[in-house]
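Colleague: I've just loaded this model and would like a close look at one part of it, the packing on the inside. Could you go through that slowly, with the cut-offs you use?

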Amino acid sequence: MKRRNFSSACLAVPASLVLLATQRAHALSLGDLSAADASGGVKAALEKGATVAVSLLGRPDGFLGNPKVRIPLPGYLEDGSKVLRMMGQGSRIDELVTAMNRAAEQAVPAAKDLLINAVRTMSVTDAKGILTGGDNSVTQFFAEKTRAPLTERFLPIVSAATVKVKLAEKYNKFAGKAAGFGLVKKEDANLQGYVTGKSLDGLYLVIGEEERKIRQDPVGSGSAILQKVFGALR
C-alpha cells in the first residue's frame, strides 16, 4: 500500500517542476564553458554592441540628442559660455556646440570596420578578461585596440565638419591661452582634438552599455551562443 501511494505521489508532481529540476541539473557555470565558447560569446556580444552603437550614434541627434554622450564645451569654456549668452552670443554658442556634435555623428560610421576587426581578432585572453571583468572592461579593450587608429580616422572628418563654424577658430585661440593658465586641459585646447576624443568616449560608452544589456538578458539577444555564455554568468 505504501509503495502504491508513493508511486501515485510521484506521478502527481507537476511537469513544470520536473522541467525546472532538469534545467537546474543541466545549468552551465562559467567553469563548464570551453575557451572556444567563452571567446565566441564575447565576440558575438561585442560585435553586436559595436554595430548597434555605431547605428545609434552615427545619425542626426545621435550625440546631440543623447544627454549621456552629448559633447559640451570643455570645463572653463562651458562656464564662460554663460557669460557670452548674457551678452547676446547664445546663438553662436549653440551653433558651435551643434557643429561639435554633428561632427561626432558624421565621424562615428567610419569606426565600424575597425571595431569589428578588433573584436574578430581578439585573443582568448582578451575575451576572458572581458567576460569576467568589471563594468569598464569593454571600454578598456576598445580604447587599447582602436583609440589611436580611430583618432587618425576621425580627425579629418571632424575638422571638415567644424571648419565651417567661424567660432571654431576663435575657440582654438582662446582655449590655447586658457590651457596655458591651467583652465583647460591641454588635450582639450584644440577643438578638433577635443571633439574627436569625446566622440570616441561616447562610442565606447554606448558599446559597453549594449554589452551589459546582453549580460542582463542573454535570452533576449536571440543568439544561442550568447544565451549559453552569458547565461552561465547569471
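Modeller: I'll start with the overall build, then go through the core, the rings in it and the helix contacts around them.

First the ground rules: this is a predicted model, so local features need pLDDT of at least 70 and side-chain atom pairs count only at pLDDT 80 or more, while totals for chains, interfaces and linings use all residues. Residues are numbered from 1 along each chain as its sequence is written, and side-chain values use heavy atoms, with hydrogens and water left out.

The protein chain has eleven helices and zero strands; both are DSSP runs numbered from the N terminus, helices being H or I with at least four residues and strands E with at least two. Of its 234 residues, 37% count as buried. For burial I use relative accessible area with a 1.4 Å probe on protein chains only: under 20% is buried, over 50% exposed, and anything in between partly exposed. If you take the contacts in the protein chain with a separation of 6 or more, 76% of them join residues 24 or more positions apart. A contact here means heavy atoms within 4.5 Å.

Now the core itself. Nonpolar side chains in soluble globular proteins tend to be buried together. In this model the largest nonpolar core has 51 residues, and those with the most contacts inside it are L46, L96, L115, F142 and L203. By nonpolar core I mean a set of buried Ala, Val, Leu, Ile, Met, Phe, Trp, Tyr and Cys residues joined through side-chain atoms within 4.5 Å. Several helices each supply at least two residues of this core, namely helix 3 (35-57), helix 5 (90-107), helix 6 (112-120), helix 7 (124-132), helix 8 (137-162), helix 9 (166-180) and helix 10 (191-216). Take L203 as an example: once its neighbours within four places in sequence are set aside, it is in contact with A53, V54, L57, V108, A111 and L115.

F142, another of the residues with the most contacts in that core, also takes us to the rings. The structure holds two aromatic pairs. In one, the rings of F141 and F142 have centres 5.2 Å apart and planes at 70°, so they're edge-to-face. In the other, F142 and Y204 are stacked, with 6.3 Å from centre to centre and 15° between the planes. The pairing rule takes rings of Phe, Tyr and Trp (its six-membered ring) with centres within 6.5 Å, and calls planes under 30 degrees apart stacked, over 60 edge-to-face and the rest tilted. Put together, F141, F142 and Y204 form one aromatic cluster. F141 is buried at a relative accessible area of 5%, F142 is buried at 0%, and Y204 is buried too.

Helix 10 also holds T196, which counts as buried at 2% relative accessibility. Not counting residues up to four places away in sequence, T196 touches T151, F154, L155 and V158.

F141 shows up again where helix 7 meets helix 8: D126, G129 and I130 on the helix 7 side, S137, V138, F141 and K145 on the helix 8 side. By class, that contact has three nonpolar, two polar and two charged residues. (Ala, Val, Leu, Ile, Met, Phe, Trp, Tyr, Cys and Pro count as nonpolar, Asp, Glu, Lys and Arg as charged, and the others, Gly among them, as polar.) The two helices pack at an angle of about 150° with axes 8 Å apart, which makes helix 7 roughly antiparallel to helix 8. Axes are lines fitted to C-alpha atoms, for helices over the stretch in contact, and angles run from 0 to 180 degrees between N-to-C directions. Under 35 degrees is roughly parallel, over 145 roughly antiparallel, 65 to 115 roughly perpendicular, and the rest oblique.

Helix 9 and helix 10 have axes that come within 9 Å and cross at roughly 95°, so these two are roughly perpendicular to each other. Here A168, Y171 and N172 in helix 9 meet L191, Q192 and Y194 in helix 10. The residues of this contact divide into four nonpolar, two polar and no charged.
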